[in-house]
Amino acid sequence: MAKSSPSPTGLGARHDAMAPLVMPTGNVSEHAAQLLEIDKLSTSPHQKIKRTEAQYKEKADNIRINGLLQPILVRPREDGSGYLIVFGHTRVGAFRILRDAALAEGRATDAAKYERIPCIVRIGLTEAEAATLTVSENMQRNDGTTMEQAAQVAMLRELLSADARTEKDQARMIATQAGLAESRVYRLLRLFDAPQPIRAVVETGRMEYSTALAFMPLWRPLLAHVRPKAEKEALRGKHAEAATSEDNVDGADNDADSSALKGMSKGASRTALRMAKELLSEFIAGALDREWSKVRIEKEVGLKVDRLKGKASPQGSAAASDGEPSDDASAGGAEEKRGDKAAFRDKGNRFIVYPENIETASPDERTQLLKRLEDLCAKIRSQAH
């Protein structure tokens, strides 16, 4: 008796999910593509990746020279008015650029080539299936910023992991359905749920996300530390009545802090969040100024947590101060070994690469470095035009 083959994962899982295609006519292969007008195609509600004009133009140049190498995947709208793109958003945007450019130059024949695009139509997709295919395609291509990728897996969490009890269970379920690495999904979920100062340092490109997550163990101890003062201020009526835009971004802070803030009034909770965010922001700023590696951050966070919990910190450590890390650049020991240092530093107007540290960098940091360099190259190419 023949054994059934195991279910594919990763990119294979994505194409396996495309297998039961149903086409509108019966005289074509069920895997054949059909030409659809680009004006009848709409962006997927599950697409969290924002493309720049330079990225669309680069794709348009590639298609103009090499042609379209792969059809896109779409699904019919429920009202029959057109189609929703499942994946292939950049290719559709590139077609629009090529068509509009040809029309502007009076090249009607060339414009007609880009009025329609090869599509595979998938009928009967559920919202969860469509979202999974969109996210899987984007993640396999490593498209989007880290925060956009985090938003994608968080969206899948809402759709797929209702029965999962823990964050690791959620990550496992998403990774299985989307064909992604479970460790990657888990870190992105943690980033999405992280307090605003941690998300901000990743979103602005000042720190690679796996390094930024090293600050997470400090968050709850900081909340516990400021809680008595926040409650006193709330009783005096000093707390702000209206939450700021940072008090609840995507619900992340409330989700992460529900147990730490249990029993506090709404006003006191807001005040505690504000105070803890200020302290965490100061600590992160000090780490950035001193160019701490992930190893050094983990060490100093541990020392700071011990102090907040009433444990003694070694004399001279950066964590021994209440505010930002101490001014002693060599606090906590001798200068870090080369292998403990980061492969690059991104300070906005300065982007510094340390080639001697690339060999010992983590896989995540290398990926982030490649992504940052690709973005810089794309920017240079767009400015050259």
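The model is predicted, so local features need pLDDT of at least 70 and side-chain atom pairs count only at pLDDT 80 or more, while totals for chains, interfaces and linings use all residues. Residues are numbered from 1 along each chain as its sequence is written, and side-chain values use heavy atoms, with hydrogens and water left out. Helices (H or I, at least four residues) and strands (E, at least two) are DSSP runs, numbered from the N terminus.

- Ser44 sits in the loop that runs between strand E2 (41-42) and helix H2 (53-66), and with a relative accessible area of 6% Ser44 is buried, where buried means under 20% relative accessible area, exposed over 50% and partly exposed in between (1.4 Å probe, protein chains only).
- Once neighbours within four places in sequence are set aside, Ser44 is in contact with Ile85, His89 and Thr134, contact meaning heavy atoms within 4.5 Å.
- The side chain of Ser44 also reaches the backbone nitrogen of His46 at 2.9 Å.

- A search of the whole structure finds 20 salt bridges, each a side-chain nitrogen of Lys or Arg within 4 Å of a carboxyl oxygen of Asp or Glu.
- Asp143 forms one of them with Arg51, with the closest N and O atoms 2.9 Å apart; this pair links the loop between helix H5 (127-140) and helix H6 (146-160), which holds Asp143, to the loop between E2 and H2, which holds Arg51, across 92 residues, and both Asp143 and Arg51 are buried.
- Glu58 forms a salt bridge with Arg381, where the closest N and O atoms are 2.9 Å apart; because Glu58 lies in helix H2 and Arg381 in helix H15 (residues 363-384), the pair ties together parts that are 323 residues apart in sequence.
- Glu58 is partly exposed at a relative accessible area of 37%, and Arg381 likewise counts as partly exposed, at 41% relative accessibility.

**A salt-bridge network**

- The side chains of Glu115 and Arg99 meet in a salt bridge (3.6 Å, N to O); Glu115 lies in the loop between helix H4 (108-113) and strand E5 (116-121), and Arg99 in helix H3 (residues 89-104), 16 residues apart.
- Glu115 is partly exposed, with a relative accessible area of 29%, whereas Arg99 counts as buried at 9%.
- Salt bridges that share partners join Asp39, Arg99, Asp100 and Glu115 into one network.

How values were computed:
Polar contact = N/O pair within 3.5 Å; in protein donor to acceptor, adjacent residues only side chain to side chain.
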